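Here is a briefing on one protein chain. Keep the sequence and the model in view while reading.

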Amino acid sequence: MQSLAMIENWPVPTAAAAVVTSDGTLLGTHGPTAHRFPLASVTKPLAAYAALVAYEEGAVELDEPAGPEGSTVRHLLAHTSGLAFDEHRVTAPPGTRRLYSNAGFEVLGDHIAKATEIPFPEYVRQAVLEPLGMTSTTLEGSPAKDGVSTVDDLVRFAAEVQAPRLLDPRTVLEAQTVVHPGLKGVLPGYGHQNPNDWGLGFEIRDSKSPHWTGLSSSPATFGHFGQSGTFLWIDPAAGAACVALTDRAFGPWAAEAWTPFTDAVLAELGASR
C-alpha cells in the first residue's frame, strides 16, 4: 500500500506500519516491522483481551465486584470505575463519569491475577501472546502501559480481533460496543469529549472530534493510541485494521500526521475494492 510510505515524512527516528484485513490478509507494510517499540497505552487492548479470556474461562465475571466500592470488572475495562488517572484514588462514583485510568487497569490486572493465581503478565502471555504467535511481545510491569511489541506481532492481534479464535465473536462484539453510553470524559491529548464512548478496553470513535483516527473513519472504528507515539485502529466498515508504531512521544506532530495518514489508508482501501 503506497499510503503507508507516508510514515517516512513523520518527524520520528523510527516508524513502522501495516494494514491487515478482516480475513487476515496482510495488505502492506512499511518500515522495520520486527523492531520492538514501547506500546504505552496500546498495551491496554492486549490486557483487556486477556481479561476477556479470563471471563470466558470462568475465572471472573464482568459484573463481579472489582476495584472501588460499587465498581466491577466491566467498570474497570470501560474507564468508569471512578479511579483517578494514575492514582489509586476514587474521584467519582462508579458508572457516572468516563475517567481514563491507568490505575483502573492495574487494579484489573491484580484482580485477575488473584482470581487465576497467575501473575497478570504471565496470564497475558498464556492467554493471548503465545496462542497468537506474538513471540516478540512482552509485558513486564503495568497492564496499562508497559507492553513492548512489534508491528508484525500487533498485526496478528488485529487479525484476531477482526476474526476471533481465542474468544467467542459475541464477546468481541461486546468489547467494541459502548459501555455506559452518554458519559462525558477527557480523551488524553484531545481534550473533553461529549460523549466519550468506550467499550471493554477499546476506545470507540463514534462522532468524537478532534480524534486521532481519520476524518473518514467510520463511527464504528475502535482501537487505542499510546503516548509513546503508537496506535492500532480497526474499522469494521473498511474491513481492515492499521497498526503504526514509532519511538517519539505523542504530541502535536502526531495529531497533525495521524489523521491524514489514516484518511489516505482508507482511501486506498476503498479504491482497491
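Two strands count as paired if DSSP finds at least two bridges between them. The model is predicted. Strands β1 and β11 pair in the antiparallel sense over seven bridges.

- Strand β1 covers residues 15–21, and strand β11 covers residues 240–246.
- Between these two strands, T21 stands opposite A240, and V20 stands opposite A241.
- Strand β10 (residues 230–235) also pairs with β11 in the antiparallel sense, over five bridges.
- Here D235 is the residue opposite A240 of β11.
- β10 and β11 form a hairpin, with four residues between the strands.
- In the turn of that hairpin, G239 has a positive phi of about 65°.

**Strand β11: enclosed or open?**

- Seven of the seven residues of β11 are buried, so the strand is largely enclosed by the rest of the structure.
- In a regular strand, side chains alternate between the two faces of the sheet.
- On one side of β11, the buried residues are A240, C242, A244 and T246.

**Helix α4**

- Helix α4 spans residues 120–129, and its buried residues are F120, Y123, V124, A127, V128 and L129.
- Seen down the helix axis, these buried residues fall within an arc of 160°, so they line one face of α4.

**The cavity**

- Rolling a probe the size of a water molecule over the atoms shows where empty space is left.
- How many cavities of 30 Å³ or more does a search of the whole structure find? The search finds one.
- The largest cavity holds about 50 Å³ of space.
- Its lining consists of T43, L46, A47, V124, L129, T137, T138, L139 and G147.
- The elements that give two or more residues to this lining are α1, α4 and β4.
- Of the elements, α1 gives the most, with three residues.
- By type, the lining residues divide into five nonpolar, four polar and no charged.
- V124 and L129 belong to the lining, and both are among the buried residues of α4.

**Cis peptide bonds**

- The peptide bond from N194 to P195 is cis, with omega near 0°.
- P195 sits in the loop between β7 (191–193) and β8 (203–204).
- Another cis peptide bond joins S209 and P210, with omega about 0°.
- P210 sits in the loop between β8 and β9 (222–226).

- A40 is not a glycine, yet its phi is positive, near 50°.
- A40 is in strand β3 (residues 37–40).
- Its relative accessibility is 13%, so A40 counts as buried.
- H79 is not a glycine either, and its phi is positive at about 55°.
- H79 lies in the loop between α2 (73–77) and α3.
- At 2% relative accessibility, H79 counts as buried.

Conventions: Residues numbered from 1 in each chain as written. Predicted model: local features only at pLDDT ≥ 70, side-chain atom pairs only at ≥ 80, totals over all residues. Heavy atoms only, no water. Buried < 20%, exposed > 50% of the residue type's maximum accessible area, 1.4 Å probe, protein only. Arc of directions from axis to C-beta. 1 Å grid on protein atoms, 1.4 Å probe; cavity = no way out; pocket = protein on both sides within 12 Å on 5 of 7 lines; lining within 4 Å. Points joined across faces, edges and corners; volume = space filled by probe spheres on them. Nonpolar A, V, L, I, M, F, W, Y, C, P; charged D, E, K, R; others polar.
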